[in-house]
Amino acid sequence: MQWLDRAKKWAKGIKRDVVVLWLAARDRRVPSYAKLAAGAVAAYALSPIDLIPDFVPVLGYLDDLVIVPIGIVAALKLIPTDVLTDLRIEATKRTERPVSRGGLVAIIAIWLLLAALIVWMVIGAAVR
């Protein structure tokens with residue numbers, strides 16, 4: 001069970017560091033070359049399009065498990081240490097925000113109402 005806890009902690013750190021890179025790409029204290037690298041890595045990490053598609057056996061997850069973490073580490077090394085500390089604090093605040101259950105209920109209700117409207121329209125068109 002200990003390896004599972006380490007894996008969860010590692011994944012949480014990766015999630016935070018992607019947010020750090022996203023923030024770094026917009027921070028004026030970060031040099032231009034670091035902004036470019038941070039933006040590119042964050043965009044790739046958050047993009048649904050992969051270099052190697054996930055359906056390719058074994059290799060499909062290679063970018064998620066190897067390429068993205070290497071890119072994150074490389075981009076983080078380009079950011080000045082004091083700025084990186086500030087960005088990590090801000091990223092931690094952003095990733096630890098409470099989840100809105102009310103918002104979830106509202107979104108589900110909207111989708112259900114939309115589905116009911118579509119069904120009503122299709123049934124109404126079929127009866128005519």
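The axes of helices H1 and H4 come within 8 Å and cross at roughly 120 degrees, where axes are lines fitted to C-alpha atoms, for helices over the stretch in contact, and angles run from 0 to 180 degrees between N-to-C directions. Helices (H or I, at least four residues) are DSSP runs, numbered from the N terminus. The structure is a predicted model, in which local features need pLDDT of at least 70 and side-chain atom pairs count only at pLDDT 80 or more, whereas totals for chains, interfaces and linings use all residues. Residues are numbered from 1 along each chain as its sequence is written, and side-chain values use heavy atoms, with hydrogens and water left out.

H1 and H4 are therefore oblique to each other; angles under 35 degrees count as roughly parallel, over 145 as roughly antiparallel, 65 to 115 as roughly perpendicular and the rest as oblique. By class, the contact of H1 with H4 has 8 nonpolar, 2 polar and 6 charged residues; Ala, Val, Leu, Ile, Met, Phe, Trp, Tyr, Cys and Pro count as nonpolar, Asp, Glu, Lys and Arg as charged, and the others, Gly among them, as polar.

Helix H1 (residues 2–24) also approaches helix H2 (residues 32–46), with axes that come within 8 Å and cross at roughly 135 degrees. H1 and H2 are therefore oblique to each other, and their crossing is left-handed. Val18, Leu21, Trp22 and Ala24 of H1 make this contact with Lys35, Ala38, Val41, Ala42, Ala45 and Leu46 of H2. The contact of H1 with H2 comprises 9 nonpolar, no polar and 1 charged residues.

Val18 lies in helix H1 and is buried, with a relative accessible area of 8%; buried means under 20% relative accessible area, exposed over 50% and partly exposed in between (1.4 Å probe, protein chains only). Not counting residues up to four places away in sequence, Val18 touches Ala42, Ala45, Leu46 and Ile72.

Leaving aside neighbours within four places in sequence, Ile79 is in contact with Leu21, Ala24, Val30, Ala34, Leu84 and Leu87.

Definitions and conventions: Helix = DSSP H or I, 4+ residues; strand = E, 2+ residues; numbered from the N terminus. Left-handed = near helix turned anticlockwise from the far one by under 90°. Contact = heavy atoms within 4.5 Å.
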